[in-house]
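Subject: Structure handover

Hello,

I am passing on the structure we spoke about, followed by notes on what was found in it. Please keep it open while you read.

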Amino acid sequence: MSDLKTTYFPSLEDVKKAAQTLKGVAALTPLLPSLSYSKRLGANILLKREDLQQVRSYKIRGAFNKISSLSQEDRAKGIVCASAGNHAQGVAFACAKLKINGTIFMPAPTPKQKIEQVEMFGGEYAKIVLTGDTFDDAYKASKIECDALGKVFVHPFDDEKIIEGQATVGLEIIEQATEEIDYVFVPVGGGGLASGLSTVFSLLSPNTKVIGVEPEGAPSMSTSIFNKENTTLSLIEKFVDGAAVQRVGDRNFAICKENLHKMVTVPEGKVCQTILDLYNKDAIVVEPAGALTLSVLDQFAEEIKGKNVVCIVSGSNNDITRTAEIKERALLYRGLKHYFIIRFPQRAGALREFLNEILGPEDDITFFEYKKKTSREDGPAVVGIEIKDRADLDPLIARMKKRNFFGEYLNDKPDLFEFLI
């Protein structure tokens, strides 16, 4: 890493300057108490509602701060970014607001809903290029365009102006809080928000513990801090798409390893349960990354009792078509959804026996795929069963084995299981 990347920390002056730049562009989002979480955890839980930004995430802050800082010469050339989500929307909004042409590279499989949002915010100033299958493919293509045409690349997190823009979230929290804040939980993807916010708190509220939260399947910042060097992960789980990166920014890592009190991870299934709880109990719609900070609170239940705690709700760009998958992952995490290969005797009444004698009174079949094989004594079926209590699983398996229905349990066989989920 260069000296630039290891010695840069955003100054309070630059963060305040970014806040002035963002006036009238980024909303001053509310810091609201969560009655349900406060009651359950015995703490004062406050939510910083960045999901209420016009582009439905905090990303507008960094994108606008960066693009507005460009020289007239660079503005005339136009800018380039790569993103499959919130950063693209923030950049598109900033381009339209500042009347700067932007080319936004997105992976070809990007959901239509996200593409339409970028088109809406960017209007005539945003050109979308769909290329490759992954963010990495889109990123490589965007860098080629930058190098060929001399355009400015607007990085989603590893950039000083981006960090300073995201840092304004921390500035607002400190100004809005009526009591001293004991803990702030911040989601971590590439590290732009965490590095900016943690710096502000280190300067203005050094006794506050700032804790970064990553998805369990993409622990890039946690791994890097443990290794004491920025580390690229070879494989990640991409479900929490707003916070799943293989490598955090070099600047972001250098700041976070100094300023964060702790880095923790949370299972994707727990995140899914939080998404459902927020919608059903609090009428709050969040994307997976937006649920990270609330999802991790149970890990700190004893530590935060009686404390003032802020959770950053980072975004609400959740595709409704993912609802079934979110529910499925939540049930799996809670131990309520199980898949089996069931070996049905090829005789009349076998299915009725399974329903009457094997399933419990509150068990529900949610998936069933069967193929009859006339040359065998039994025929295999893949069966998904939802139970009411995780303690019901062992008795269910025991009944299957006693009556010779049991074939295999699939939940702990990832190579087979991935075809079902």
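Predicted model: local features only at pLDDT ≥ 70, side-chain atom pairs only at ≥ 80, totals over all residues.

Is His87 buried or exposed? Its relative accessibility is 3%, so His87 counts as buried, the cut-off for that being under 20%. Leaving out residues up to four places away in sequence, His87 touches Lys59, Cys81, Ala82, Val154, His155, Pro156 and Ile162.

Another buried position is Gly78, with a relative accessible area of 1%. Gly78 belongs to the loop that runs between helix 5 (72-77) and strand 3 (79-82). Which residues does Gly78 touch, if those up to four places away in sequence are not counted? They are Ile100, Asn101, Lys151 and Val152. For a sense of distance, Gly78 and Gln117 are 39 residues apart along the chain, and their C-alpha atoms are separated by 20 Å.

The whole protein

The protein has 18 helices and 14 strands. Its C-alpha trace spans about 80 × 55 × 40 Å along the principal axes. How does the radius of gyration fit a compact globule? For 421 residues such a globule would come out near 22 Å, and the protein has 24 Å, which agrees. Of the 421 residues, 53% are buried. Among contacts with a separation of 6 or more, 75% are between residues 24 or more positions apart.

Helix 12 and its two partners

Helix 12 covers residues 250-259, and helix 11 covers residues 220-227. The axes of these two helices come within 10 Å and cross at roughly 70 degrees. Angles of 65 to 115 degrees count as roughly perpendicular, and helix 11 and helix 12 are therefore roughly perpendicular to each other. The crossing of helix 11 past helix 12 is right-handed. Which residues meet there? From helix 11 they are Met221, Ser224 and Ile225, and from helix 12 they are Asn252, Phe253, Cys256 and Lys257. Sorted by class, the residues of this contact are four nonpolar, two polar and one charged.

The other partner is helix 10, residues 192-204, whose axis comes within 9 Å of that of helix 12 and crosses it at roughly 40 degrees. Helix 10 and helix 12 are therefore oblique to each other. Helix 10 passes helix 12 in a left-handed crossing. On the helix 10 side, the contact is made by Gly192, Ala194, Ser195, Ser198, Thr199 and Ser202. On the helix 12 side, the residues are Asn252, Ile255, Cys256 and Asn259. This contact of helix 10 with helix 12 has three nonpolar and seven polar residues, and no charged ones.

The loop between helix 11 and helix 12

Asp241 lies in the loop between helix 11 and helix 12. With a relative accessibility of 34%, Asp241 counts as partly exposed. Not counting residues up to four places away in sequence, Asp241 touches Lys114 and Arg322. Asp241 and Ala148 are 93 residues apart along the chain, with 29 Å between their C-alpha atoms.

Lys228 is found in that loop between helix 11 and helix 12 as well. The relative accessible area of Lys228 is 72%, so this lysine is exposed.

Positive phi values

Most residues other than glycine have a negative phi. What is the phi of Lys228? It is positive, about 65 degrees, although Lys228 is not a glycine. Lys99 also has a positive phi, of about 60 degrees, and is not a glycine either. Where is Lys99? It lies in the loop between helix 6 and strand 4 (102-106). Lys99 has a relative accessible area of 59% and is exposed.

Regards

Note on methods:
Residues numbered from 1 in each chain as written. Heavy atoms only, no water. Axes fitted to C-alpha atoms, helices over the stretch in contact; angles between N-to-C directions. Helix = DSSP H or I, 4+ residues; strand = E, 2+ residues; numbered from the N terminus. Parallel < 35°, antiparallel > 145°, perpendicular 65-115°, else oblique. Left-handed = near helix turned anticlockwise from the far one by under 90°. Contact = heavy atoms within 4.5 Å. Nonpolar A, V, L, I, M, F, W, Y, C, P; charged D, E, K, R; others polar. Rg over C-alpha atoms; globule rule 2.2 N^0.38 Å. Buried < 20%, exposed > 50% of the residue type's maximum accessible area, 1.4 Å probe, protein only.
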